[in-house]
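Hello,

I am handing over the structure we talked about, and my notes on it follow below. Please have a look at it first and then read on.

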Amino acid sequence: MNSVNSAASGGSQPILEVRNIVKDFPGVRALDGVQLRLKSGEVCALLGENGAGKSTLVKILTGVYQPTEGEIVMDGRPLSLESAQDAWDHGITAIHQETIMFSELSVAENIFMGHHLTGKFSLVNWQGMYDETDKLLKRLGITDFDPQTPIKELSVAQKHLVEVAKALSHDARVLIMDEPTASLSQKEVDELFVIVRRLRDEGTAILFISHRFDDIFAISDSFVVFRDGAFVGDGLLKEAKEEDLIKMMAGREVKTSANTRTSVSDEVVLQVDDLCHATEFEHISFSLHRGEILGFYGLVGSGRSELMHAIFGLTAPLSGQMIFEGSVFTPKSPEDAITQGLVYVPEDRQHCGAILDMSIGDNITLPSLQSITGGLKLNWKKESSFARKYASKLKVKAHSLAQKVVELSGGNQQKVVIGKWLGTGPKVIILDEPTKGIDVGAKAMVHQFINELVESGLSVIIVSSELPEVLGLSDRIVVMREGLMRATLNAKETSQEEIVAFATGLK
Amino acid sequence: MVLPKNLLKSREGQLVLITIVFYVAVGIASPSFLSFESMDSIITDTAILMIMACAQMMVILTRGIDLTVAANIALSGMVSALIAMHLPGTPLILVMSAAVLTGLVLGMFNAVLIALLGIPSIVVSLGAMAIYRGMVFVLSGGQWVNSQEMPASFTSFPLARVFGISNLAVIGLIICVLAVLMMRYTRFGRELYAIGGNPDATSYVGINIKKRLFAVYTITGLLGGLCGYLWVARYAIAYTEIALNFELLTVASCVIGGVGIAGGTGTVLGAVLGALFLGVLQNALPVMGISPFWQMAVSGTAILVAVIVNSRGKRQKGLQILRVSQ
């Protein structure tokens, strides 16, 4: 079958072309005629809100799903990808959003998992694998770990680099990166991008999926936008503006949050004095005012989350004291902190936030069961109206309250997680990476919601690795590095550059 | 016809249907199986399994497994038998209390290791199971306590009848109902589902997991103690090997009843119906002239079928924004 050479948007012939792909699942059309062109030596950003069909397309390109209609064309020839092996054989590899790795095994074993080098008698050729891995790491310029390092000793960022190396071991011509920067600090992102650019210059076609516009603009040459499973548009990134892209993704204008708050009062709600931890942080002192959003910014590993754990009573600080609402605050457990009105929404939504197998309603009422039910017997009617109140307040998108959280999209899961804490009537709410990995629309909604919270008299601590988010939401920003507070900045008077300088140690 | 349709979508509904169809099919071949006496004896025979399936359900729901339930039955049963033999004048209620108390202590021993020290339940219960069985041997000196050595009041209780139903069946049904109510309508039950679904998230919510698990293993031990007396009195014999491999039947009941072995999903009703299904099977095979040894293979097949069905998830589609109802 000869391919119909559609007029490519200028320049060279694409390596990989997706033509009118349709993918149906029982009862739902996940992709409705999407198209995409990837060229050698080009980074193409795939944009779309959660549920736009990005992940489905990745799964089709990596042979996990087969398309219902349409074709994938590689080097001008139609391609059928029946399995992950097929995709690898054609040089298409993907680095997934949540890195799935074997933490007890070495870097080399992870890289060669599924295609072990074998020698005589089909036995595993260990030396060969170590040598190959060493070559791959050198090619990527990685020196801080070696082929025999166990994965569990690596940071999240380093794990991503292993994934990149793994892709290279398959002689990748097309590399798909699904949210590679979501859990990385700015410095790590920069390091990753050096490697991505190196691969691009070697001629690899890269499909880059991200929610972070800074990253998209920093790395991509072109873009494609999907919405609700359909193709919306594409073009060159240098000709596009952020607002236009957001409009294309959302189909409406999303207001980027701007801080126009006047709710901050002089009253101190939480006072932390010289809080020290055995290993993670030292000499932390700050005060949180009523109606204030206090941002905590720092690179991954700067001790932000560990500090929040201590404030929430998950770990015990070594020394120092906290005063909450005028009295000494020494939470022995999360239970303690919650009953006194301080709650913590953890970073890892899937592992620490939602109980995926339970319904939306049960998740929302769980922390507040005592106050809803009073006595021994649960009160389903009260529970249901309670859950409905918070689910609708946060505009959770779901089939019904009885739907299991596991079936929701990431953004909606996060709404449920935040919703469940509101029900406890907190005075201080600590949000750890509240918008990590969720789409623009859901993100704006969460931001707007955080603003509403402080206007209603709550105080919020927000821990985020996303600079625009911290800067846009916070009244003041605490910058941490290596377990120490480096600066407390007024959000209106500081800049991204200044914050980064403190966080990285340039200042 | 909306109701039956929804019923059949649930594991509980499917089990009821399968059990009834199987029961009637066997009954057509041998009509005596359909008699009230036969039904009565199935319930009476299965009561202990139903009780322990409820307990095991709580344990499995919270991502654990308790392999000591059968050894607990043997040990607390032996304790009650020895008291009844050596002190025949002891009131029955005290004898029963002794069994329950023994079970409670054994359960708390498991609970300390599993819930407080955080040692995996399979390891703890595997070790404790051997210890408890060994203690039965030590207590009895390897001797049997048989029906002649037990006072009549001791052995007659389980099969004595209230309104024509055996005490054993009555106790079994009461405990099943209590278990259903507890898991469905109390905060404790809801919290156990949360722990099984995601222990990390549950601890962030401020629920003390250690306390809840401690209660789960202690309650299981307590019910084991009660069943210890019931078992020994019902069969009028106590020796080291009673209820051998019975713990596996309790696990099987849960799995057949749709309790997810990974924790967080399933219902007490499912576990009880799973036990009932196994009970019907056990009673039907002799009627059909099939060797009891086949029973293992048949119930094994039932477990595998149940696991295969469990693994096929269902997803709902079509999302909408939830609104406050007017």
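Predicted model: local features only at pLDDT ≥ 70, side-chain atom pairs only at ≥ 80, totals over all residues.

The axes of helix α13 (residues 268-287) and helix α14 (residues 293-310) of chain B come within 10 Å and cross at roughly 145 degrees. The crossing of α13(B) past α14(B) is right-handed. On the α13(B) side, the contact is made by B:Leu278, B:Leu281, B:Gln282 and B:Leu285; α14(B) brings B:Trp294, B:Gln295, B:Val298 and B:Ser299. Sorted by class, this contact has five nonpolar and three polar residues, with no charged ones.

Now to chain A, which is divided into four stretches of interest: domain 1 (1-6 + 14-91 + 172-250), domain 2 (98-171), domain 3 (254-341 + 426-507) and domain 4 (360-425). The C-alpha centres of domain 3 and domain 4 of chain A lie 25 Å apart. Where these two domains of chain A meet, 11 residues of domain 3 are in contact with 10 residues of domain 4. Helix α16 (residues 440-455) of chain A gives the most to the domain 3 side, with four residues. That side of domain 3 of chain A has nine nonpolar residues, one polar and one charged.

Chain A also holds an open sheet of six strands, in the order β6-β7-β8-β3-β9-β10, with mixed pairing. Its edge strands are β6 (92-95) and β10 (230-236) of chain A, each pairing on one side only. From one strand to the next, the twist averages 20 degrees. Within the sheet, β3 (residues 43-47) and β9 (residues 222-227) of chain A pair in the parallel sense over four bridges, and A:Leu47 stands opposite A:Val225 in β9(A). Helix α1 (residues 54-61) of chain A packs on the sheet, and its direction makes about 150 degrees with that of β7(A). Helix α6 (residues 186-201) of chain A packs on the sheet too, touching β3, β7 and β8 of chain A.

Finally, how do the chains meet? In all, 37 residues of chain A are in contact with 29 residues of chain B. On the chain A side, α14(A) gives the most, with four residues. The residues of that side divide into 19 nonpolar, nine polar and nine charged.

Best wishes, and enjoy exploring!

Notes:
Residues numbered from 1 in each chain as written. Chains lettered and ligands numbered in written order. Pairing = 2+ DSSP bridges. Helix = DSSP H or I, 4+ residues; strand = E, 2+ residues; numbered from the N terminus. Axes fitted to C-alpha atoms, helices over the stretch in contact; angles between N-to-C directions. Contact = placed C-beta atoms within 7 Å. Nonpolar A, V, L, I, M, F, W, Y, C, P; charged D, E, K, R; others polar. Left-handed = near helix turned anticlockwise from the far one by under 90°. Domains from an automatic or database assignment.
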